[in-house]
Amino acid sequence: MGQLDGKVAIITGAASGFGLADAKAFVKEGAKVVMTDLNEEEGQKQATALGDNAIFVKQDVSKEEEWQKVFDKAKETFGPVNAMVNNAGILVFDNAETVTLDDLHKTLSVNLDGVVLGEKYGIINMKKTGGSIVNMSSIAGIIGVPKVFSYAASKGAVRVITKAAALHCCNNHYPIRINSIHPGYAHTPMIDIYPDMRSSAIEAQHPMGRLARPEEIANLAVFLASDKSSFSTGSEFLVDGGYTAQ
Ligand SMILES: NC(=O)c1ccc[n+]([C@@H]2O[C@H](COP(=O)([O-])OP(=O)(O)OC[C@H]3O[C@@H](n4cnc5c(N)ncnc54)[C@H](O)[C@@H]3O)[C@@H](O)[C@H]2O)c1
């Protein structure tokens, strides 16, 4: 028995990093997974490697017209969607003095618009049949991280729209739970391309003395997508090696 037997999941940004780790963990736990990403070549390759229980659909999460097609493709291939992870995201380094509106809007268009649309189409498609929506935020959505100002704006917003959408579902008696995940820094392409971000100084900011492995974040995504988290909604889940406990 897998923890996700009977689940049909959409995972965005699934060509690399956390999204890919989620896709692998979801398939291992019995789910059928629609992996979406802008990166078609890598996404297709990774989905093929996962076998018959995964397909890839090219999607830009910031484009509203692409969302319903992903749900339709999922239903046609595997059946109605009952789990999703709004994971796709981008990172820019800026601060309260150097921020440009271009960088801010670019970041918000993926990290916030993508989750807004994921919640909207998730609710529209799952409100009768039920499901679990998991939104990927960050420790930067909980505490101040001065060097990622635009990113923090997007991740703080994801934290509160998770709660607003979860309460909307409760108020309307929709059987949908919505929660957010807040990782500390982890070894994914987003972070590993910056040598500074792999330094011992960054590791030391995490009391456990290291960065996370993507699988450690995926374990939490599996729990939140599964029926084991049946009494959790509108909640924020930290997985940060103690970063925010200090
Ligand atoms: N790595 C970390 O330390 C860390 C920490 C906290 C939160 N996060 C968050 O976790 C999520 C995944 O990050 P990651 O570290 O795996 O990054 P990553 O760069 O490895 O993966 C992100 C994926 O999103 C895809 N993507 C980017 N823009 C897209 C768009 N418009 N539409 C569809 N796909 C798009 C990319 O092609 C890529 O495959 C992000 O939301 C990120 O902000 C990461």
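Which residue stands opposite Ile-176 in strand 6?

## Strand 5 and strand 6

In this predicted model, the residue opposite Ile-176 of strand 6 is Gly-131. The chain passes from strand 5 by way of helix 6, which spans residues 149-171, to strand 6, and this β-α-β crossover is right-handed. Strand 5 covers residues 131-136 and runs parallel to strand 6, to which six bridges join it.

## The two sides of strand 6

Strand 6 takes in residues 176-183 and is mostly covered, for eight of its eight residues are buried. In a regular strand the side chains alternate between the two faces of the sheet. Here Ile-176, Ile-178, Ser-180 and His-182 point one way, whereas Arg-177, Asn-179, Ile-181 and Pro-183 point the other way, and all of these residues are buried.

## Strand 6 and strand 7

Strand 6 is also joined by four bridges to strand 7, made up of residues 236-239, and these two strands run parallel. Pro-183, which is buried in strand 6, has Val-239 of strand 7 as its bridge partner.

## Helix 5 and its surroundings

Helix 5, at residues 113-126, contains 14 residues and reaches 19 Å from its first C-alpha to its last, which is close to the 20 Å expected at 1.5 Å a residue. Its buried residues are Gly-114, Val-115, Leu-117, Gly-118, Glu-119, Tyr-121, Gly-122, Ile-123 and Met-126.

Methods: Residues are numbered from 1 along each chain as its sequence is written. This is a predicted model: local features need pLDDT of at least 70, side-chain atom pairs count only at pLDDT 80 or more; totals for chains, interfaces and linings use all residues. Side-chain values use heavy atoms; hydrogens and water are left out. Buried means under 20% relative accessible area, exposed over 50%, partly exposed in between (1.4 Å probe, protein chains only). Two strands pair if DSSP finds at least two bridges between them. A crossover is right-handed if, with the strands pointing away from the viewer, the path from the first strand over the helix to the second runs clockwise. The expected span of a helix is 1.5 Å times one less than its number of residues.
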